[in-house]
Amino acid sequence: MSVPVAPGRRILLGHTPSLLRRRVGFTSSLRAHGDIVRLFLGPLETYFLTSPELVNQVLVTQGTSFSKGIIFDRFRPFMGNGLVMSEGVFHLRQRRLMQPAFHGARLDAYADTMVRAATELTGTWRAGEVRRLDADLQRLAITVVGETLFATELGRQAVAEARRSIPVVLKAGMVRALSPRFLEHVPVVPANRRFDRAVERLRRVVHEVIAGWRVTGEDHGDLLSMLMLARDPGTGEGMTDEQVYDEVITLLTAGSETSAVALTWLFHELARHPEVERRARAEVDEVLGGRAATFADVAKLGYLRRVVSEVLRMYPIWILMRRALRDIELGGVRLPAGTEVMFSPFALHFDPRFHEDPERFDPDRWLPERAARLPKGAYVPFGAGGRQCLGQAFAHTEITLVAATVLAGWELFPVPGVPVRLTVTSAAYPDRMPMTVLPRRAA
């Protein structure tokens, strides 16, 4: 079966200029050329999937036939062999060791941190002031995951450095990931310099925290202690300092990006849709009754959770990649071992073949009877299969509780005349999100 080549290929650079310049528009346009389309990252040939069925095969039904793709290779100098990057038997071992950190009892404890951080943030707001909401919520998300990771004073220094460096790594890293390999270490490329400096700062401070923990060996009740004390039930072996570092960086990165982006867009969409905001706020008032939110409230906030699901549909990860571990057939196309496969959750989530009126913000599309009609692979904000994000429940809990805490006490309004633009790197960031904040009694 012949696979078409996407339009716009350039000599040496392939489709990289189109990917970096047009981003969402380019990847969404590929569905017009078929279920599988050939793309070139520089000279590297890849196969882009536009069909949910094929994406589900890669992630779930044939997931063991694929490993992480080249985008993840480019992040490996930063994230090492953490859970997002590791493969095979080692990945399964690490996943088993870390799963207890995300069970319900632990989420209950994390919920207190999430609500406290949201309350502290809104405590710095003043009636009528304009806040950079995107910056506020990014700091909040890094604070939440950082405080669940580190309970010591030295750990708080690591959280401060994470607030500074994680955003740099995420944005500059995607430019590196999609660029031809010969540009990866060219120091005159500004994104490379920013990426390398941020990685070095984080590596230094996180290793200092790990070394400090080794001195006392004390269980502080935080995630770092859990990582340091975890033992393989088969061998009794724990993690090396380098592996702990890799997992800490993975948690800091993956644990902050999704929540920060989703929360920022959530308040943007509520401001644009007054009836949705009214319903969400009424539910929060009814469930909380003026008290602080708790983990038990998440299950009761059904409409707000649908709002969160809709935000995750409209503002997901842009691109993911996988690499075939063996010769495999996909959609009638024979792919040899080593073939790079790409797909875009963003393009899938806006595909009108599967999502009715996809540009419309509609939380009720996630009512059970409507959501059940979606084909597998059409909604993948956290991936799927054996590599589905381990922190999915953590993120849903955080977004819901932070949103409920803010809605209970504040109203947020767009700044007139200031447009909000979508900037897609690894995820769908707002270019900036200024909003005027008012306590509800003043509003």
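Biologist: In which helix do Arg281 and Glu277 lie?

Modeller: Both sit in helix α12 (residues 274-288). They are four residues apart, about one turn of the helix. Keep in mind that this is a predicted model.

Biologist: Why do residues four places apart point the same way?

Modeller: An α-helix has 3.6 residues a turn, so residues three or four places apart point the same way. Now look at the case here. The side chains of Arg281 and Glu277 meet in a salt bridge, at 2.7 Å from N to O.

Biologist: Are Arg281 and Glu277 buried or exposed?

Modeller: Arg281 is buried, and Glu277 is buried too. Buried means under 20% relative accessible area.

Biologist: How many salt bridges does the count come to?

Modeller: The count comes to 28 salt bridges. Take Glu147 and Arg116: their closest N and O atoms are 2.8 Å apart. This pair links distant parts of the chain. Glu147 belongs to helix α7 and Arg116 to helix α6, 31 residues apart.

Biologist: Which residue meets Glu242 in a salt bridge?

Modeller: Arg203 does, at 3.0 Å from N to O. Glu242 lies in helix α11 and Arg203 in helix α9 (residues 190-216), so the pair ties together parts that are 39 residues apart in sequence. Glu242 is partly exposed at 35% relative accessibility. Arg203 is partly exposed at 24%. Salt bridges can also form a network: Glu129, Arg131, Asp136 and Arg139 are linked in one.

Biologist: Which residues of α6 are buried?

Modeller: Among them are Leu107, Tyr110, Ala111, Met114, Ala118 and Leu121. Next, ask what they touch. The buried residues of α6 pack against helices α7 (133-149), α10 (223-229), α13 (295-298) and α17 (392-409), and against strand β9 (410-414).

Biologist: On to the core. Which residues in the largest nonpolar core touch the most other members?

Modeller: Leu224, Val248, Leu266, Phe267, Leu304, Val307 and Leu412 do. This core has 108 residues. Helix α11 (residues 241-272) gives the most to it, with 13 residues.

Biologist: What does Leu266 touch?

Modeller: First set aside residues up to four places away in sequence. Then Leu266 touches Val307, Val308, Val311, Ile399 and Ala403.

Biologist: Where is His349 found?

Modeller: In helix α15 (residues 345-349). Its relative accessible area is 0%, so His349 is buried. Its contacts, leaving aside neighbours within four places in sequence, include Leu312, Arg313, Pro316, His355, Tyr379 and Pro381.

Biologist: Now the surface. Which residues make the nonpolar surface patch of about 350 Å²?

Modeller: Ile11, Leu12 and Leu13 make it. Leu13 sits in the segment before α1 (16-22). At 31% relative accessibility, Leu13 is partly exposed. Leu12 also lies in the segment before α1. Leu12 has 66%, so this residue counts as exposed. The cut-off for exposed is over 50%.

Biologist: What is the phi of Leu12?

Modeller: Positive, about 70 degrees, although Leu12 is not a glycine. Asp357 is another non-glycine with a positive phi, about 45 degrees. Asp357 lies in the loop between α15 and α16 (368-371). At 41% relative accessibility, Asp357 is partly exposed.

Biologist: One more loop. Where is Pro416 placed?

Modeller: In the loop between β9 and β10 (422-424). Its relative accessible area is 72%, so Pro416 is exposed. Pro416 and Met435 are 19 residues apart along the chain, and their C-alpha atoms are separated by 9.3 Å.

Definitions and conventions: Residues are numbered from 1 along each chain as its sequence is written. This is a predicted model: local features need pLDDT of at least 70, side-chain atom pairs count only at pLDDT 80 or more; totals for chains, interfaces and linings use all residues. Side-chain values use heavy atoms; hydrogens and water are left out. A nonpolar core is a set of buried Ala, Val, Leu, Ile, Met, Phe, Trp, Tyr and Cys residues joined through side-chain atoms within 4.5 Å. Buried means under 20% relative accessible area, exposed over 50%, partly exposed in between (1.4 Å probe, protein chains only). Helices (H or I, at least four residues) and strands (E, at least two) are DSSP runs, numbered from the N terminus. Contact means heavy atoms within 4.5 Å. Patches are made of residues with over 30% relative accessible area and no salt bridge: like charges are joined within 9 Å, nonpolar side chains (Val, Leu, Ile, Met, Phe, Trp, Tyr) within 5 Å. Accessible areas come from the Shrake-Rupley method with a 1.4 Å probe; for residues, only the protein chains shown count as cover. A salt bridge is a side-chain nitrogen of Lys or Arg within 4 Å of a carboxyl oxygen of Asp or Glu.
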